[in-house]
Amino acid sequence: MPLLIKPPPGTPGKAWPAIAVGLFVAFGGVLFGYDTGTIGGILANKYWREHFSTGFINKKDGILAVTASKSSEIVSILSAGTFFGALTAAPTADFFGRRYGLMVSVVVFTLGVILQTAATAIPMFVAGRFFAGYGVGMISAIIPLYQSETAPKWIRGSIVGAYQLAITIGLLLAAIVNNSTKNREDTGSYRIPIAVQFAWALILFFGMLLLPDTPRMWIKRNKPEQAAKALSTLRRLDVDHPALVEELAEITANHEYELTLGKASYLDCFKGSLGKRLATGCGLQALQQLTGVNFIFYYGTSFFTNAGFKNSFVVSMITSAVNTGSTFPGLYMVEAWGRRPLLLFGAVGMAVCQFIVAGVGAGVGTENQTAQNALIAFICIYIFFFACSWGPCAWVVTGEIFPLKVRAKSLSMTTASNWLLNWAIAYATPYMVNDGPGNANLGAKVFFVWGGFCFICTFFVWAMIYETKGLSLEQVDELYAKVDKAWKSKGFVPTVSFQEVRDVAGADRKASLVDLENVAMRKKSIGHDEEKTYHQ
């Protein structure tokens with residue numbers, strides 16, 4: 001889909017290097033998606049259930065299994081690891097750099113895969129899940145950061161959105177591998193799906209050795225020569241090309257201007273405009289989870305089995321395939337439609353589908369074959385709406401709304417909010433849908449809960465999401481400085497030169513960007529008049 005989006009006329013340099021770099025880094029999403037998707041099949045795997053069970057027997061099929069509490073622990077511990085991993089991503093990305101930080105994350109992830117593959121009992125398996133999650137959490141915050149800081153502004157949404165596409169591909173691959181090994185009567189039934197992750201980790205680790213770090217990271221470290229070299233690699237322009245020099249100067253000036261407004265500590269992330277953006281990012285990521293999509297990919301196989309579906313593994317493969325295929329139009333729509341319209345479109349569509357699924361499941365029952373067909377159909381339609389909108393767009397928005405000085409910190413916290421809700425849903429779901437003492441036994445009625453949150457999503461987008469399509473990361477700062485309401489952001493045209501504003505910003509730190517721009521324009525006008533008078 002990114003190939004369908006053309007650069008603006010007169011854009012200097014080449015776009016393909018930055019696009020290729022961004023798309024390769026997106027491959028890290030395969031680790032995320034595969035690790036997320038593989039656990040559902042493992043929990044439903046007959047051999048794994050028999051050998052990891054502590055004696056509990058599932059009443060539905062009379063086979064040994066793990067209790068709801070153990071199932072909850074195994075699934076949710078990955079999300080707990082990802083939460084702490086996401087918070088660790090900021091100091092890692094700032095200390096090691098974006099590129100090496102990503103490589104460190106892959107090493108941590110690989111440790112978790114080793115422990116899971118070698119496990120023969122639940123404690124070691126859970127430990128492996130935690131470390132794999134820790135690595136995935138770091139990866140999930142650093143990849144959108146790297147992509148946003150390297151992508152050209154006119155295609156940034158599609159490139160960052162490709163991260164979500166990679167996640168869906170990982171989920172699909174997990175469903176395929178799980179289906180291929182489910183009938184094995186040996187440890188390969190669960191060790192093969194887990195060990196496949198070594199391949200994804202090696203590809204990403206060694207591929208990162210060939211890529212540059214981000215120009216903005218070098219600017220933050222006050223190393224303009226390395227920044228120019230990195231930007232030259234990405235744009236295929238000489239380091240002294242006027243367009244490259246201008247882009248780098250504007251990045252530098254914006255960063256210096258932001259530093260004049262205050263420090264870049266974690267506490268500062270919660271203040272003023274930065275706090276508003278952090279609330280937007282955390283709310284967006286939390287609501288992405290509360291739409292209920294990971295209920296389907298974490299517990300879908302088990303849920304469909306308990307609901308009476310005969311081919312639950314096949315149903316999971318279908319939903320994963322729909323998820324992957326539906327992400328492709330989203331990569332085009334995020335730039336063609338913009339962020340706000342796409343998120344609103346997705347929220348309304350998801351809410352309608354969730355309420356229909358809940359109504360059919362509660363009113364007709366999941367044992368009825370016609371009802372089963374309707375449930376699968378509307379779950380697939382729901383996944384389409386999610387995959388083309390909230391799936392990629394949440395990562396796009398959070399990757400582009402923060403200034404450079406706090407970008408790593410803020411992005412790590414927004415990603416951590418995603419994983420915190422991911423953990424809560426993973427932990428609570430077995431108690432919500434299963435029957436038995438202490439469980440809510442909601443079954444298909446759980447979709448009323450997800451549908452309610454999708455309804456809330458529409459109001460959140462209208463009130464909080466600014467339209468950032470086509471703006472550079474520096475121009476997004478100008479947008480937040482000049483436009484006080486999200487619904488007024490459509491059609492915003494940037495006018496500020498941060499190079500000019502920087503020269504007058506030091507005189508008055510409390511002045512607004514609009515006031516500083518006016519001062520800079522007057523200063524420029526006076527200088528122009530004086531030069532004109534001199535020549536006369």
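How many helices and strands does the protein have? Here are a few notes to go with the model.

1. The protein has 22 helices and 0 strands, counted as DSSP runs from the N terminus (H or I, at least four residues, for helices; E, at least two, for strands). This is a predicted model, where local features need pLDDT of at least 70, side-chain atom pairs need pLDDT 80 or more, and totals for chains, interfaces and linings use all residues. Residues are numbered from 1 along each chain as its sequence is written, and side-chain values use heavy atoms, without hydrogens or water.

2. Of the 536 residues, 57% are buried, meaning under 20% relative accessible area with a 1.4 Å probe, protein chains only. Among contacts (heavy atoms within 4.5 Å) with a separation of 6 or more, 77% join residues 24 or more positions apart.

3. Do look at helix α5, residues 98–118. Its 21 residues reach 31 Å from first C-alpha to last, close to the expected 30 Å, which is 1.5 Å times one less than the number of residues. Its buried residues include Arg 98, Arg 99, Phe 109 and Gln 116.

4. Helices α2 (residues 28–44) and α6 (residues 122–150) have axes that come within 9 Å and cross at roughly 150°; axes are lines fitted to C-alpha atoms over the stretch in contact, with angles from 0 to 180 degrees between N-to-C directions. Phe 32, Asp 35 and Ile 39 are among the α2 residues in this contact, and Phe 125, Arg 129 and Ile 143 among those of α6. By class, the contact has 9 nonpolar, 3 polar and 2 charged residues.

Definitions and conventions: Buried < 20%, exposed > 50% of the residue type's maximum accessible area, 1.4 Å probe, protein only. Nonpolar A, V, L, I, M, F, W, Y, C, P; charged D, E, K, R; others polar.
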